[in-house]
Amino acid sequence: MKYSFLFILAALPMLSCSGNDDSTIETLKPAEKEVFQFEYKNYAVQNISVYKGPSGQKTDVSESYLNSYWSTYQEPAWKKISLDLKNNSLQLISGTSADLTYSVKINQDSIFITENNEQNFIGIFNRSESSFTLKRSFRYVKRMPRENMNALTISQKAVFGITAYQDIFGKSVFDNPSAMTATGDDIVWTNIDYHYKNL
């Protein structure tokens, strides 16, 4: 009788724990963070490209040159960013009605948004540093009137991602720099990184 009582006492803890083995293991694993909140810290100009007519010559300029085209390029439109890995969404937060939300795809550390039925590169998410780099590009194209066409053409916009030579020439009013034959023909683009840190 004494031994059966001891056996029952010894078996009780095993019975009470047997159903909880899985949950014990799960609680030991650290929960992986799925929602990140970032706040703007600083910016860095990656490059500036300037082409001028009448020869389409490339010109070297300093960063201050950008103020002639974009007076607020040093400050992003969005002071905060929310990245939700569980729901694959990215929210750009300005604190006004200009807030934007996108569905995202992540390829390694690169973030792509779905915009106009296309996947567009928007930035880099560094999980180990809990940081986000928003990639923005500013583009300005001016074509002076020609003898056979009196219209002045000006295009000025900001886009997500990075602009390269082939994004401008052949895709704007100029096929190449040598087509910039009029004084006043003007092309400027710059790529800027906006750095955000985890809140």
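Y73 is buried, with a relative accessible area of 1%; buried denotes under 20% relative accessible area, exposed over 50% and partly exposed in between, for a 1.4 Å probe and protein chains only. The model is predicted: local features need pLDDT of at least 70 and side-chain atom pairs count only at pLDDT 80 or more, whereas totals for chains, interfaces and linings use all residues. Residues are numbered from 1 along each chain as its sequence is written, and side-chain values use heavy atoms, with hydrogens and water left out.

Rings of Phe, Tyr and Trp (its six-membered ring) pair if their centres lie within 6.5 Å; planes under 30 degrees apart count as stacked, over 60 as edge-to-face and the rest as tilted. The count by this rule is 19 aromatic pairs. Y43 and Y73 are edge-to-face because their ring centres are 6.0 Å apart and their planes stand at 90°. This pair links distant parts of the chain, 30 residues apart: Y43 belongs to strand β1 (residues 35–52), and Y73 to the loop between β2 (57–59) and β3 (80–84). Strands (E, at least two residues) are DSSP runs, numbered from the N terminus. Y43 has 25% relative accessibility and therefore counts as partly exposed.

Y65 and Y69 form a tilted aromatic pair, with 5.5 Å from centre to centre and 45° between the planes. Y65 is partly exposed at 21% relative accessibility, while Y69 is buried at 16%.

## A charge over a ring

R136 lies over the face of F160, 4.8 Å from the ring centre. A charge sits over a ring if NZ of Lys or CZ of Arg is within 6 Å of the ring centre and within 35 degrees of the ring normal.

Terms used
Helices (H or I, at least four residues) and strands (E, at least two) are DSSP runs, numbered from the N terminus.
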